[in-house]
Amino acid sequence: MSYDLLLRNGRVVDGSGMSAFWGDVGIAEGKIVEVGKLRGSAQRVIDVQGQVIAPGFIDNHCHFDAQALWDPLCTFACYHGATTVINGNCSLGMAPSRPDDHYAVVSMLSRVEAIPLASIQAGVQDTWETIPEYLALLDRRLGVNVGALIGFSAVRRYVMGDAAYTEPATPQQIDQMKAIIREGISAGAIGLSFERNPTHHDLEGRLLPCNAASNDELIAVAATLAEVGAGTIQIGGNERNGVTVDLLTEIALASGRPVICRLGIEPSQERLDSYTQAMEQGARLIPMMPPFLEDPARWTINSVNNFDLYPTWRPVIASSPAEKKRAFGDPAMRDKLRAESLNYRWADTCVSIASLAKNQQLVGRSVAGIAQERGQEPLDAFLDLVVEEDLATVFMRDTGAHPEEKGAFLANRLVMPGLSDGGAHVTRRCDSHFSVHPLVLGPGAASPDPRASGSEADLRAGLRLRPARPRHDSPGTRGGPRRLRSSHGFAGRDRPRS
Ligand SMILES: [Zn+2]
């Protein structure tokens, strides 16, 4: 056989789960035609000298729906070997949306996923209405492969208008939504996304429409996929928010399709066991889990939405820095903020970066621990520090996970690593490096410090994660910098453009 391109002497990891083997890969007319010890001739031969030859990673939970229109490569996912991104998660999406109503879907995406509104408005000039029209826009400028889920909040807004945020759908409205989903799937959308999350509001403070839908409505809508015999479903949210194993099972059985659900950054064996039991009943559940030991998100009081569940907090967090400082200094306001946040995770909320020299000893310590030492309530220790550092203190969450525990979940063939949230929370996180994380790549890939996912860590001979840094490349000058993580060691693209 003769090839256009022959890659010789590689360690082939074919993505099937089989161990790596030494071999060659033959390519003709843009497709892999043969893998093994190959003898044929080729127009071009590259000796890869023992490097890994593998399919690109699928970044399986992303929010590049708007970004893909101005940045078809969907940076920074592609810097970690992702050749496919899955968008349209958490019930969010750009379509369907009437041309004079794009703000409604953009407002949800911007607020929930912390993508600066200024960036979306500057970056997206196109207009569209239906899902097929939006998909055609993506096809106009090709970059990485995009798998587009249909975000149910966008569909509900389109059909129900302002009632979508609060009202149940009528049987006629459900029929209309199902027709839109059928049309979207036949145009190439790869499935549907739902969510249950009481903290997810749009810029106007309205809860996402998907949260106003009853379980019965979600099950009825999911059944559309059984009718078309295609698609997968991703569901955001956890047991606490109503995403019970019973609901997941009913959705999986009604749709007859795979349902990707959450195992979470703090996985529990009990939850995995309950998924396994549902699978034995015929529900095709795929639990997804971020492979990180610590939550890679970093946040300041100016970029956080962890407190959106609390009604007094929400407008304060959304206000200007000067207004925030005034509110935090007002004793009556503090009492209200304290009362609402008594159950917040102060014990695992830690200082990641302190801006003042005198506070460097607080780095790595929990807010609860600092408060105890000072004889304060956690809320007061937290706000005193935030105000003292002019709102610049960077916080993170320590999950307390151990490499062995987490590794055992990932080694389970039922569990899928992922949930990077690529394209979301761009000022404070960039987790597409899940694909090159030591726990995903397996034994022998351990970094010198397994907790070093926030710093430069050796991942495997040749693959290295660079430290995070800001990059000022968002469209719209008011969008602010994005948090950039990149890996190097991928052949053919040794370093990202900067
Ligand atoms: Zn999401």
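1. Does Asn9 count as buried, exposed or partly exposed, going by its C-beta neighbours inside 10 Å? Asn9 counts as partly exposed because it has 14 such neighbours, on a scale where a residue is buried if 20 or more other C-beta atoms lie within 10 Å of its own, exposed if 12 or fewer, and partly exposed in between, with C-beta atoms placed from the backbone. Asn9 lies in strand β1 (residues 2-12), and its phi is positive, about 60°, although Asn9 is not a glycine. Strands here are DSSP runs of E with at least two residues, helices are runs of H or I with at least four, and both are numbered from the N terminus.

2. A word on the basis of these remarks. The model is predicted, and local features need pLDDT of at least 70, side-chain atom pairs count only at pLDDT 80 or more, while totals for chains, interfaces and linings use all residues. Residues are numbered from 1 along each chain as its sequence is written.

3. The domain assignment gives domain 1 (3-50), domain 2 (57-293 + 404-438) and domain 3 (313-397); such bounds come from an automatic or database domain assignment. Taken over C-alpha atoms, the centres of domain 1 and domain 2 are separated by 35 Å.

4. Another non-glycine residue with a positive phi is Glu29, at about 50°, in the loop between β2 (21-28) and β3 (31-36). Glu29 counts as exposed because it has 7 C-beta neighbours inside 10 Å.

5. An open sheet is formed by eight strands in the order β6-β7-β8-β9-β10-β11-β12-β16, with parallel pairing, where two strands pair if DSSP finds at least two bridges between them. β6 (57-59) and β16 (416-417) stand at the edges with a single partner strand each, so one side of each has no neighbour in the sheet. Within this order, β9 (residues 191-195) and β10 (residues 232-236) pair in the parallel sense over five bridges, and Ser193 stands opposite Gln234 in β10.

6. Two helices deserve attention together with these strands. Helix α7 (residues 215-228) lies across β9 and β10 and runs at about 165° to β9, whereas helix α8 (residues 245-255) lies across β10, β11 (259-262) and β12 (285-289) and runs at about 170° to β11. The axes are lines fitted to C-alpha atoms, for helices over the stretch in contact, and the angles run from 0 to 180 degrees between N-to-C directions.

7. In the largest nonpolar core, which has 78 residues, Val155, Leu192, Ile233, Leu248, Val259 and Leu285 touch the most other members. Apart from it lies another core, of 20 residues, among them Leu337, Trp346, Ala354 and Leu385. A nonpolar core is a set of buried Ala, Val, Leu, Ile, Met, Phe, Trp, Tyr and Cys residues joined through C-beta atoms within 7 Å. Leaving aside neighbours within four places in sequence, the contacts of Ile233 include Leu192, Phe194, Leu225, Ile251 and Val259; two residues are in contact if their C-beta atoms, placed from the backbone, lie within 7 Å.

8. The buried residues of helix α4 (residues 131-140) are Ile131, Tyr134 and Leu138. They cover an arc of only 65° around the axis, which puts them on the same side of α4, the arc being that of the directions from the helix axis to the C-beta atoms. What covers these buried residues includes α1, β8 (145-151) and α6 (171-186), while the face turned away from the buried side of α4 carries the exposed residues Asp139 and Arg140.

9. In helix α13 (residues 367-374), the buried residues are Val367, Ile370 and Ala371. They cover an arc of only 100° around the axis, which puts them on the same side of α13. Their cover includes β14 (349-353) and α14 (378-388). Just after α13, Gly375 takes a positive phi of about 65°.

10. Two cis peptide bonds are worth checking by eye. The bond from Thr75 to Phe76 is cis with omega near 15°, and Phe76 is found in the loop between α1 (67-70) and β7 (82-87). The bond from Ala95 to Pro96 is also cis, with omega near 0°, and Pro96 is in the loop between β7 and α2 (102-112).
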